[in-house]
Amino acid sequence: MTAILDGSAGALAALGRPVLAVLAAVGRVAIFAATALGHLLRPPFYLREFGQAVLQIGWFSLPVVGLTAIFTGGALALQIYAGGSRFDAQAVVPQIVAIGMARELGPVLGGLMVAARVASSIAAEIGTMKVTEQIDALVTLSTNPFKYLVVPRLLAATLTVPVLVATGDAIGIMGGWLVGITRLDFNSATYLENTVQFLQAWDIGSGLVKGAVFGFLVALMGCYHGMTSGRGAQGVGAATKGAVVAASVLILAANYVLTELFFQA
Amino acid sequence: MIALTDVTKAFGENRVLQGVNLSIARGESMVIIGGSGTGKSVLLKCVLGLVTPDSGQITLEGEDVSRAERDAFLARFGMLFQGAALFDSLRVWENVAFRLLRGRLKRPREAAREIAIEKLRRVGLGPQVADLYPAELSGGMQKRVGLARAIAAEPEVIFFDEPTTGLDPIMSGVINDLIREIVTEMGATAMTITHDMTSVRAIADRVAMLHGGLVRWTGTVQEMDATPDPYVQQFIHGRAEGPIPSVR
Ligand SMILES: Nc1ncnc2c1ncn2[C@@H]1O[C@H](COP(=O)(O)OP(=O)(O)OP(=O)(O)O)[C@@H](O)[C@H]1O
Ligand SMILES: [Mg+2]
């Protein structure tokens, strides 16, 4: 009896340990996020750093997000045409491409591309600053690292990723249209008209809200992993990897939760 | 002005500081010597609050530093890090003028730049380096930029972590003179870590030797030469044989 109890206690402990570790990590991230948000509301604000972050996170991500969107929109059109033709519904291509891009693929793929590009670079940059004592130097120069490094990046990502998503939506829909009128025999004017008439404001709006959440998560993971980076090049490498993986998984999980919230049947 | 009482700090099993007692008077130039890895850099970081001691007390003018208002406290300090710790996303002059470009000491960029160029000149760097990025400089040049940044806002207390390592003998002389000048002319209080005995003689009012997690010995430069303490003697003469093991 005691042997069985011991065994099950051991199993429980084995199960409990990783759960506790995850909970502890969630707690640390939550405290980190709360600290950052607290600093967001209190001056000083570093406008120059914010401007640079907007450029780095928003502007320089445009090509990647645009390319991702155009190929995705094109492939989506082909798939929907092929699938739709099984029950004679090829005509829905414009509508489904539009709704698929605006509600799901625009924000999710855009978010993932930004995660790959931005979470990694933020984590590597801040991690290197930590390892080379630049964060300590900031403190001795009376500058709060949260205000100077974290807040500008969080704010920039939260504000610019929705813009990236909107651009991605438009380019993705254009990709579908290009394929529609060249490879499938759609009439250009009808295709566009169908798209415009079908899309509702919330189809696009929900995607933009998702984009803001994903942007926040990407910058949060980049900053958190950078600021908690271990020592040496190895520590920075691990921080970078951790930031990209965590940001990507969080984006997909948050996407499901938001979709439930916004569109539950 | 600064007093450390029974300060201890351990990193896991590694008990780096084991009860350090040290006091530095206002306007004094204190030099800390001691073997590599004995915790000299950690000691400076404890005073600045970058590392939290496990126990013990550190006071600045009688006030406990852990309870002081951080911004006001740090505004009185300048620090040169062992690895220079320059911000590699900023140009050299923006590094030097960092404090002058934001916060209470904020002033127009042109004025800040002029001050930065003047401070660079004092550490032996010409105006042509002002617009470069730290990664474009040699190690010794980076160190001197770090020094210029530490003194740019004319702080009351300045910590120098190995200011002359990586510099040629002439440049070392320039830097030693500069540190001495800052203490005597500006009345600053300085705490310098160095392994360079020429530097010790040039800048120290008093010397403290850290060994085994404790301040093993303190005294003036004259007392340092005269002391029979075998640790100090081995250190200042750089002998491999003596009470300090050469593998550690
Ligand atoms: N953040 C840290 N985490 C873990 N250990 C540390 C940390 N900082 C310093 N140490 C350890 O503390 C000890 C003292 O380090 P410190 O940098 O103070 O040495 P030092 O006296 O300045 O040596 P050197 O003359 O070589 O610069 C070393 O054993 C180092 O490994
Ligand atoms: Mg050191």
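Apart from neighbours within four places in sequence, B:His211 is in contact with B:Arg216, B:Tyr231 and B:Ile244 in this predicted model. The residue B:His211 belongs to strand β9 of chain B, which spans residues 206-211. Its relative accessible area is 19%; because the limit for a buried residue is under 20%, B:His211 is classed as buried.

The interface between the two chains was examined next. On the side of chain A, 17 residues are in contact with 23 residues of chain B. Of the area that chain A buries against chain B, 35% is supplied by A:Glu133, A:Thr140 and A:Leu141, more than by any other three residues. Together, chain A and chain B bury about 1600 Å² between them, and carbon and sulfur atoms account for 57% of this area.

Polar interactions also occur across the interface. Two salt bridges are found between chain A and chain B. In a salt bridge with an N to O distance of 2.4 Å, the side chain of A:Glu133 meets that of B:Lys45. Residue pairs in polar contact between chain A and chain B, both at pLDDT 80 or more, number five.

By residue class, the side of chain A that touches chain B comprises seven nonpolar, five polar and five charged residues.

Methods
Residues numbered from 1 in each chain as written. Chains lettered and ligands numbered in written order. Predicted model: local features only at pLDDT ≥ 70, side-chain atom pairs only at ≥ 80, totals over all residues. Heavy atoms only, no water. Contact = heavy atoms within 4.5 Å. Buried area = accessible area lost by both parts, 1.4 Å probe. Salt bridge = Lys/Arg side-chain N within 4 Å of Asp/Glu carboxyl O. Polar contact = N/O pair within 3.5 Å; in protein donor to acceptor, adjacent residues only side chain to side chain. Nonpolar A, V, L, I, M, F, W, Y, C, P; charged D, E, K, R; others polar. Helix = DSSP H or I, 4+ residues; strand = E, 2+ residues; numbered from the N terminus. Buried < 20%, exposed > 50% of the residue type's maximum accessible area, 1.4 Å probe, protein only.
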